[in-house]
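Work through the exercises below with the model open beside you. Try each task before you read its solution.

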Amino acid sequence: MPLAIVRGGGDLATGVIYRLWRVGFTVLVLEVPRPMAIRLPVSVAQAIYEGLHVIGEMRTRRVASVDQTPDDGDVGVLVDPLGTSIAELRPDVLVDAIMAKRNYGTRKDMAPRVIAIGPGFCAPRDVHAVVETLRGHNLGRVITNGEAAPDTGVPGEIGGETANRVVRSPAAGIARFAVSIGDRVESGQIIGDVDGMPIEVKISGVVRGLIHPSVRVAVGMKIGDVDPRAARENCFSISDKSLAIGGGVLEAALANFAFRFHPCHIFNHCETDDKAMRKL
């Protein structure tokens, strides 16, 4: 099976990982020792903390080295923030899904197909393709000549709310929460503290994300997210935005396989070559 390496295991990266995994890629995810993902139930990064984490029907598990890259259908998650394993494994597809708004060393010579999501990259200078992450008409669109829209600094609108849905740290230290993801909260409610400084939510809804309690946070850092739509079940499934971005990455990845792989290698079925190629 073709190998895809994804740098980053947050909630947007997880939509990418899921799409690649669903069509049959072997997927290895590279993360930092303490991921700062917020939507942990739907983030592959949670496997770093738990060892094994299941998202829908997709199993993810932490591995200690490239030699442990799963070949049984699980997604492997490896602590490798510098991406040193990329040269060793020589993946067929490399995706930068760190969402750092800048390039931390991903180059298009690292794999036959290198794709980045969001701002900070230019195709074809840095990577073969960039996938748009800004909500709106172009969400998930594949860009092969140019860049994604620049970071606006304003969270995307959900249920009529933008900046107010984000919970930010009032101090530096360790966040302690009195609520869990999926809980209902009201505007003005104190949901915990950071070294004694209260954490207050600004809108009513359900808690969609909380940073892992082992992560040291800085003043003003995003540590939580409230969804005003108040649909608890949405907290535990991959979002529409993540899947749209994942679809764009999948399009960009498979577009290069016409001359490298027979489609049967990916989809586990064979027709005639002509019929299979038309499906791509």
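The structure holds 10 salt bridges, each a side-chain nitrogen of Lys or Arg within 4 Å of a carboxyl oxygen of Asp or Glu. This is a predicted model: local features need pLDDT of at least 70, side-chain atom pairs count only at pLDDT 80 or more, and totals for chains, interfaces and linings use all residues. Residues are numbered from 1 along each chain as its sequence is written, and side-chain values use heavy atoms, with hydrogens and water left out.

**Exercise 1.** Which parts does the salt bridge between D72 and R61 tie together?

*Solution.* Start with the distance: the closest N and O atoms of D72 and R61 are 3.1 Å apart. Next, place the residues. D72 lies in the loop between β4 (58-63) and β5 (75-79), and R61 in strand β4, so the pair ties together parts 11 residues apart in sequence. Strands here are DSSP E runs of at least two residues, and helices H or I runs of at least four, numbered from the N terminus. Finally, widen the view: R59, R61, D72 and D74 are linked in a network of salt bridges.

**Exercise 2.** Is D193 buried or exposed?

*Solution.* Take the cut-offs: buried means under 20% relative accessible area, exposed over 50%, partly exposed in between (1.4 Å probe, protein chains only). D193 has 17%, so D193 counts as buried. Its salt-bridge partner is R176 (2.9 Å, N to O). R176 sits in strand β13 and D193 in strand β15, 17 residues apart. R176, at 52%, counts as exposed.

**Exercise 3.** Classify both residues of the R229 and D227 salt bridge.

*Solution.* R229 is partly exposed at 43%. D227 is buried at 1%.
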